[in-house]
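User: I would like to learn how to read strands, cores and pockets in a protein model. Please take me through an example slowly, with the general idea before each case.

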Amino acid sequence: MTILDHPADSAVFGVYDSIADAVGNTPLVRLNRVTEGVAAAVYAKLEFLNPGGSVKDRAALAMIRAAEESGDLAPGGTVVEGTSGNTGVGLTVIATARGYRSIVVVPDKTSTEKIALLRAHGATVHVTPGGRPSHHPEFVRNVATRLASEIPGGWLAGQYDNPANPGAHRTTTGPEIWRQTRGRVTHFVAGIGTGGTITGTGEFLSEVSGGAVTVVGADPVTSVYGGGDGRAWYIESVGHFLHPQTEVDEWPDSYHPGVVDRLERIPDVEAVTVLHRLAREEGLLVGGSAGTAVAAALRVARTLGPDDVVVVIVPDSGRAYLSKYFDDEWLGRLGFPLYHGAPGPTVAETLRGRGLAPRTVPSTATVAQARDVLADAAALPVVLARPVAGPTVVAEVLGSVSAAALDGAADGDPVDAHLDAPLPVVGVTEALAAATRRIGDHRGPVVVARDGRAVGLVDTGILLTSSGTDPRGGS
């Protein structure tokens with residue numbers, strides 16, 4: 001027996017027969033303080049209020065329903081997916097409610113909170129290295145595909161190419177926004193990951209408005225979608241990474257680039273800064289990709305007038321990233337603006353230009369080439385080589401190399417076969433005392449980072465002397 005007289009009553013009273021029925025119908029909330037001086041109205045669609053905590057609940061529900069209808073997912077089956085986390089959570093929540101097992105493959109850069117959430121809902125989690133080319137057997141989607149084929153009753157959700165992903169937003173997210181704004185929305189902004197959200201929602205809003213709604217994609221500055229070279233960034237769940245050894249760069253079928261009228265390329269530091277402002281000025285604790293999307297929405301809104309209405313998707317909550325974007329230790333060692341500020345002098349204040357210019361060894365170098373670069377250096381970071389020159393990114397440091405590591409190696413050997421552990425990293429915003437504690441007993445060069453990018457090398461002795469600690473171990 002149900003407590004409702006008619007299924008339609010659910011929309012009025014908020015009472016549902018299962019968790020799946022509670023997906024969608026998320027609120028729009030106007031941004032008031034971060035938009036100071038902006039004439040246009042900017043509304044955030046709070047997708048973290050879905051039962052699984054993110055916008056991916058919509059695609060997860062649609063993909064599972066489509067698989068059930070087609071017979072691809074049978075009773076007692078196992079849902080398998082490769083994901084940065086949120087789709088896996090959404091699939092696991094829906095699968096659990098419908099009696100399926102879940103196996104989720106995530107890259108190693110996924111936040112610890114997301115992995116804990118997956119396990120809390122009963123998913124089996126496989127963590128695989130994130131920096132792999134698309135043809136590598138350890139590439140996230142390849143691991144998921146293999147597991148789905150090996151497990152009896154296994155079904156691969158395949159969000160990147162599953163038409164039910166954009167379809168979910170074409171039938172739910174888009175109509176909700178149109179109804180909530182009474183057709184007044186003029187600009188729609190969303191991050192581009194699999195592309196499902198911006199494709200489905202954008203297609204609906206463009207069609208229903210007769211092309212009057214401008215669809216804006218928010219993309220990390222190095223993502224391939226927006227014309228970057230594909231090097232790594234720190235904001236999860238958005239953008240398209242391209243490993244330099246990838247043989248064919250395949251974009252998701254879920255992403256239809258033609259629906260996007262404008263792309264805003266957002267650096268990590270801008271996204272992180274917006275995240276902190278939203279938490280402190282609007283009371284909204286949101287995730288990394290939301291920082292990218294809202295930063296893009298604010299850029300757009302600054303060019304608009306009082307009759308314009310901007311709607312931006314906020315995909316998930318910052319509660320899934322407390323160990324990253326809101327943690328001073330994580331922010332500090334990468335040189336991002338701190339959430340609370342640092343007591344005492346920072347690394348930047350201490351160095352004041354004494355750090356060396358960044359020198360690196362590319363991963364494509366031979367041992368002989370590495371020896372040449374190392375001629376007057378104790379050790380250097382080895383970075384993932386890219387065909388297009390650009391600033392080194394800490395996330396793509398594979399390790400380090402020293403003369404001792406190459407002792408006895410043949411000149412023609414690849415240097416990446418003779419790597420030591422990566423050099424320690426200190427951030428310019430980090431408190432000097434915290435940085436020296438973290439370095440511990442390391443002696444020699446240390447990488448200095450600003451906004452997630454390596455900007456120099458400094459000898460440990462300079463840091464220890466500045467902090468009042470004798471490099472030889474005394475004080």
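Predicted model: local features only at pLDDT ≥ 70, side-chain atom pairs only at ≥ 80, totals over all residues.

User: In what sense do β15 and β16 pair, and over how many bridges?

Analyst: Two strands count as paired if DSSP finds at least two bridges between them. Strand β15 (residues 445-450) is joined to β16 over six bridges, and the pairing is antiparallel. These two belong to an open sheet of three strands, ordered β14-β15-β16, whose pairing is mixed. At its edges are β14 and β16 (453-459), each of which pairs on one side only. From one strand to the next, the twist averages 35°, where axes are lines fitted to C-alpha atoms (for helices, over the stretch in contact) and angles between N-to-C directions run from 0 to 180 degrees.

User: What is the order of the strands in the sheet of six?

Analyst: The order is β1-β2-β10-β7-β8-β9, in an open sheet with mixed pairing. β1 (28-30) and β9 (262-266) each have a single partner strand, so one side of each is left without a neighbour in the sheet. Here the twist averages 25° from one strand to the next. β8 and β9 are parallel, paired over five bridges, and the bridge partner of P220 in β9 is I266.

User: Which strands does helix α6 touch where it packs on this sheet?

Analyst: Contact means heavy atoms within 4.5 Å. Helix α6 (residues 164-180) touches β1, β2, β7 and β10, and its direction makes about 140° with that of β2. Helix α9 also packs on the sheet, where it touches β2, β7, β8, β9 and β10, at about 120° to the direction of β9.

User: Why is β10 described as largely enclosed?

Analyst: In a regular strand, the side chains alternate between the two faces of the sheet. Six of the six residues of β10 (residues 309-314) are buried, so the strand is largely enclosed by the rest of the structure; buried means under 20% relative accessible area, exposed over 50%, and partly exposed in between, with a 1.4 Å probe and protein chains only. One face carries V309, V311 and I313 and the other V310, V312 and V314, all of them buried. Strand β2 (residues 41-46) pairs with β10 in the parallel sense over six bridges, with L46 and V314 as bridge partners. Strand β7 (residues 187-191) runs parallel to β10 and is joined to it by three bridges, and V189 stands opposite V312.

User: Which residues touch the most other members of the largest nonpolar core?

Analyst: A nonpolar core is a set of buried Ala, Val, Leu, Ile, Met, Phe, Trp, Tyr and Cys residues joined through side-chain atoms within 4.5 Å. Of the 47 residues in the largest one, those touching the most other members are L31, L278, V286, V294, V312, V314 and Y325. The greatest contribution comes from α9 (288-301), with nine residues. Another core lies apart from this one, with 19 residues that include A365, L374, V447 and A449.

User: What is the volume of the second largest pocket?

Analyst: Rolling a probe the size of a water molecule over the atoms shows where empty space is left. On a 1 Å grid over the protein atoms alone, a cavity is a set of points where a 1.4 Å probe fits but cannot get out, while a pocket is an open set with protein on both sides within 12 Å along at least five of seven lines, and lining residues have an atom within 4 Å of a point. The volume of this pocket is about 300 Å³, taken as the space filled by probe spheres set on the points, which are joined across faces, edges and corners. Of its 15 lining residues, V23, G24, L61, R65 and T172 are the closest to the centre. The largest share of the lining, six residues, comes from α6.

How values were computed:
Residues numbered from 1 in each chain as written. Heavy atoms only, no water. Helix = DSSP H or I, 4+ residues; strand = E, 2+ residues; numbered from the N terminus.
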